[in-house]
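Let's take a friendly look at how two chains of this assembly meet. Please keep the structure open as you read.

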There are 6 protein chains.
Amino acid sequence: MRPSGRNLDEMRDVSIETGVTKHAEGSCMIRVGDTHVLCTATIEDRVPPFIKGSGLGWVTAEYGMLPRSTTSRMRREATAGKQGGRTVEIQRLIGRSLRAGVDRVALGERQITVDCDVIQADGGTRCASITGGWVALRMAVNALMKAGDVISDPLVSPVAAVSCGMYAGQPVLDLDYAEDSEAGVDGNFILRGDGRLIEVQMSAEGATFSRSELDRLVELAEKGVGELVAAQQAALA
Amino acid sequence: MRPSGRNLDEMRDVSIETGVTKHAEGSCMIRVGDTHVLCTATIEDRVPPFIKGSGLGWVTAEYGMLPRSTTSRMRREATAGKQGGRTVEIQRLIGRSLRAGVDRVALGERQITVDCDVIQADGGTRCASITGGWVALRMAVNALMKAGDVISDPLVSPVAAVSCGMYAGQPVLDLDYAEDSEAGVDGNFILRGDGRLIEVQMSAEGATFSRSELDRLVELAEKGVGELVAAQQAALA
Amino acid sequence: MRPSGRNLDEMRDVSIETGVTKHAEGSCMIRVGDTHVLCTATIEDRVPPFIKGSGLGWVTAEYGMLPRSTTSRMRREATAGKQGGRTVEIQRLIGRSLRAGVDRVALGERQITVDCDVIQADGGTRCASITGGWVALRMAVNALMKAGDVISDPLVSPVAAVSCGMYAGQPVLDLDYAEDSEAGVDGNFILRGDGRLIEVQMSAEGATFSRSELDRLVELAEKGVGELVAAQQAALA
Amino acid sequence: MRPSGRNLDEMRDVSIETGVTKHAEGSCMIRVGDTHVLCTATIEDRVPPFIKGSGLGWVTAEYGMLPRSTTSRMRREATAGKQGGRTVEIQRLIGRSLRAGVDRVALGERQITVDCDVIQADGGTRCASITGGWVALRMAVNALMKAGDVISDPLVSPVAAVSCGMYAGQPVLDLDYAEDSEAGVDGNFILRGDGRLIEVQMSAEGATFSRSELDRLVELAEKGVGELVAAQQAALA
Amino acid sequence: MRPSGRNLDEMRDVSIETGVTKHAEGSCMIRVGDTHVLCTATIEDRVPPFIKGSGLGWVTAEYGMLPRSTTSRMRREATAGKQGGRTVEIQRLIGRSLRAGVDRVALGERQITVDCDVIQADGGTRCASITGGWVALRMAVNALMKAGDVISDPLVSPVAAVSCGMYAGQPVLDLDYAEDSEAGVDGNFILRGDGRLIEVQMSAEGATFSRSELDRLVELAEKGVGELVAAQQAALA
Amino acid sequence: MRPSGRNLDEMRDVSIETGVTKHAEGSCMIRVGDTHVLCTATIEDRVPPFIKGSGLGWVTAEYGMLPRSTTSRMRREATAGKQGGRTVEIQRLIGRSLRAGVDRVALGERQITVDCDVIQADGGTRCASITGGWVALRMAVNALMKAGDVISDPLVSPVAAVSCGMYAGQPVLDLDYAEDSEAGVDGNFILRGDGRLIEVQMSAEGATFSRSELDRLVELAEKGVGELVAAQQAALA
């Protein structure tokens, strides 16, 4: 029933390749099917003004799409003169999600910026950014620990994300672009490796959903995140 | 346990005053406790370029806060030179939510813009905007139907929204500012009057939540939206 | 002769309701006929850089119109990306006018920002903003004096403003929108309660005026401001 | 008593040199004492959208200051990313003032843009811009009439402007920078050659003024404009 | 003498991998040493307004750097709100250079946009962008020809670019970042495969150069471009 | 053969008038044929952050065109909301070129800003800006030396610039607008008075050039700069 022939509860192939740029403290290319996102983590000694002197650390994220990561060319946001509303919404989500797995006291007063740049898009770029972003973050934190700058591991639990939605009347896992553009209801689930929920975003455009459908979507997400966390661990091993 | 002395499943007082500006096709002042939002609906014959000639209508929203709607004065977005990320995210949510209750074929090729301007803020402004915005939208559509410009009612079902969250370890309904600023998990539920879910947004900042807590939050939202829909009907009667 | 049936030297009904928002140090809703402006005053301890350390205070103003305060919907300035020329011109006028009634030494090194947001417009919004803005300013200064933060009253004299113009060849007082859009000459007079002139702005678009007409317009303004000052005192009593 | 040694009712030396750039349809360099403004007039066949098809013409103006036209270097508005509030206010004034001397039916559906760029500033730049701008406009209109594109002269009467203010307690004519920066009350009078008033702008910063002082300021302005109109005629002869 | 141990006239290793994204009509990843640039070519039927209806085609380019392509993280231009001067200068150069190898009549009235996004930077990104951009352009044109949309080959000759400069007093070929940041004189040479010069840009920051040094730099460039053109042909084979 | 009747190696008439504004520390109006540029130099005690505390000075430049300096009116960059790419590119070139003649240690920790504003354009405005800008810089430095603020002359050698290009198949010196708009290859040469090259920019739009043509263009530039340096010295004498 799905355009890709996948089962309703089947993820696309996931690969995570680490160390893809020489400058960043952590980096990976995550590929979820044809969605490819380059994630880098940068450590800086400064923190945002609102926590200066608090001893707490900060993790933030930025998101971008290359102009031709999409079927037809998108306008470059730098030429448009600002980040669009969608971009801002996504990068706030990535930062918030990653922070939910961070002990900010243990991190100490420093900032890690996770940049997620979409090289090729085929649906689910924000989820891939979170999942890959966590790998880059993990690598940067490992470097801090190895250097002795951080003693106690500030990463409480892995963080990963997957999209779910109602496609052709059925709850399905990990929508690709062909499904996403047809789905009347779709959303993102961000979970920790320990099964705790960080964020649930289900939204309807042209349809609505029932309580029982919501329940099924949560189950699918739990399955998908389990597989993503396994892929994260394999990549880092 | 709650700062306001309310029960865990108790809404603040809700009042909706219609017809508050003489120029708009629909308008109301919604007051949910100390949160006051002025909602207006404007009918225009033009539609966005991407649906021109399709025969379909469009409903969109814009959101703003008066500089001193908050405890300390906020910078005016017009002087900042752009709408912040939070504003853009909220107004996209309002528009998307209202459209989930609209039959765009029945509306015909015209646009209704719902403006939600926060006069006084005490938590839950985006939810009040959706609930009040639907009342303004209803009034504007009524005017179109009375004038014979629209024959079949395009409003399928009322739309209302309420916030829920984990406060002091407990799921609570309709967070005010004192609760919202302390809650580690909070979110918004947008439902239709017929009980169908439009949007679920639960997000954690500094905490996470379990499957069973999510279930309880959905129940609270269903109760709250029921009361809001009743208030909408009373105001329009 | 006037569309509203008023005499040439007759003001619209004026009402000033104080204490309309719970957060601001001073606030009122001023209604001059169908022109409704929400005015708030915010006290801050900082002052602009150019007077830092001088011991002098500062009073400034910002002005905005809600998108549907007008007959047809105006574009929101925050989405346009900047305040228009008219807005900037008006808020500079409001600030300058209010400062002409302030003893900045007595105020001490603090800033009061007066926000004037037009809820409904029917001509004369900048004049209503000044008249209502002074009431909000008076309330904020009263609070400072009551708290003992300011000893000697920094408000030298009330400040109020009224528009005048040539309508159908006659000098008239307090133009509403119907008159304003037809008047070839119109302008604003800002005066203090003691009769001293603060600002005279008469400008022609499509007509000109003589010395003797200017004299008559000044007389009308003096009458109007007298009535507005009485309304201010009544609201504050 | 005046820093320059001038009498209270004495203008600075005025010179107007025409034809200073080869590209513009009309141009002059006006020098009022040490204030030098380059004015050019550009004829275009297009008009602003709001009068398209009306048969009416339009005259508009833009104003700028070279970065080092002032005592200390000003930031270039193009690098600041926008025109400041003062610039926008001034160019609206120039355009409005020039239009008050134009028969827009006779001009026909075309636009004339008058650019006023301050080469050297010493007070009174907006008045010099209006006076010099009218000369450039006159030259451009003369070219249209000579070419037969315009039959009946659209320029009803010359337009000129002068500043007046209270300096050291005395009403004085044509303030230079040394006076302007000390004056508690100052303003601009724009008049036509036939003595009709176009615009009166008196404003106080740190002082106020009486009815009788206003009367004296108007008299001074009438004297000054008389002399400026003579200088315009001489330059065009 | 060179930090990398290369000879004065020795290029870094060059590799060009084609077909790296599935959406673009042409794409490659060019690697010149540690400088990696992703180049894509997009075909669109529209052309810029200034050539509409002329029958001529257009080739343009945009350039960007990922935030962590550099040693320390750069601010994302989309958040800065505009492309910096360096970016604009570079993308104009790329577009202009590529057009010098294009027969715009043969291309027909369509536009090809070449996007060059730097994944990892180590000096010479603009030159790599031109060399890789031409490969993407060649692939897109091949697609047009294969489809029969273009009959006669519009690509007159390959285009490639290399940097040269004075390092430690010696003319050297293909500066990497370590050399570039020390060079008092450096620049870029863009040539066609047939040896014709398209652009010469030599500029000094902190040093100057003689006629004979300029002559030697041109010779080095000719050698380097020869090798780059060979790499282009190999990649496309 | 040239539209102006000049020989292939003949410059336009050059005049440099110094002291044209009373506020700037150095100023001149340079006229190269019908290209007229007003250049001013401003001394400030502050330096850019990246050299604060280094003891080194800085020379920078800004460039602008008056709206009607051109045949048809250009949009004012301040209203467009930013400097165009061409402007930024030019002002970076001017600053870089002037710095190549400056001993920044001798200048001491201060900044000189050279503003170049085009009053009338007829080709070659960036070259005229550099040549005239150096004269303004020389005057400002002379003032510093006269005041004893600078002891050793920081200006190593005069800096001047000229354009060259291929017009009708021939290398020509100092292109005017009529030539510039037809030339398939053109560029700018910036040299010091001692014959050292600072910058070579040859670029093709619609043509290419050979090694031997490049050689001839350099010779023309050397001749032109020699004459410009003589004009600089005469103006300053």
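What follows is a short tour of the interface between chain F and chain E in a predicted model.

Start with the extent of the meeting. On the chain F side, 29 residues are in contact with 29 residues of chain E. Together the two chains bury about 2800 Å², and carbon and sulfur atoms give 48% of that area. Three residues deserve a look here: Leu197(F), Thr208(F) and Arg211(F) supply 22% of what chain F buries against chain E, more than any other three residues.

Here are some totals for this pair of chains.

| Item | Value |
|---|---|
| Area buried between chain F and chain E | about 2800 Å² |
| Salt bridges between chain F and chain E | 4 salt bridges |
| Polar contacts between chain F and chain E | 12 residue pairs |

Which elements of chain F give two or more residues to the side that touches chain E? They are helix 2 (85-99), strand 9 (197-204) and helix 6 (211-236) of chain F. Strand 9 of chain F provides the largest share, with 8 residues. Sorted by class, this side of chain F has 14 charged, 10 nonpolar and 5 polar residues.

Now for the details. One of the salt bridges joins the side chains of Glu89(F) and Arg92(E), at 3.2 Å from N to O. The strands meet as well: strand 9 of chain E (residues 197-204) runs antiparallel to strand 9 of chain F, and 5 bridges join them. Within this pairing, Met202(F) in strand 9 of chain F has Val200(E) opposite.

Terms used. Residues numbered from 1 in each chain as written. Chains lettered and ligands numbered in written order. Predicted model: local features only at pLDDT ≥ 70, side-chain atom pairs only at ≥ 80, totals over all residues. Heavy atoms only, no water. Contact = heavy atoms within 4.5 Å. Buried area = accessible area lost by both parts, 1.4 Å probe. Polar contact = N/O pair within 3.5 Å; in protein donor to acceptor, adjacent residues only side chain to side chain. Helix = DSSP H or I, 4+ residues; strand = E, 2+ residues; numbered from the N terminus. Nonpolar A, V, L, I, M, F, W, Y, C, P; charged D, E, K, R; others polar. Pairing = 2+ DSSP bridges.
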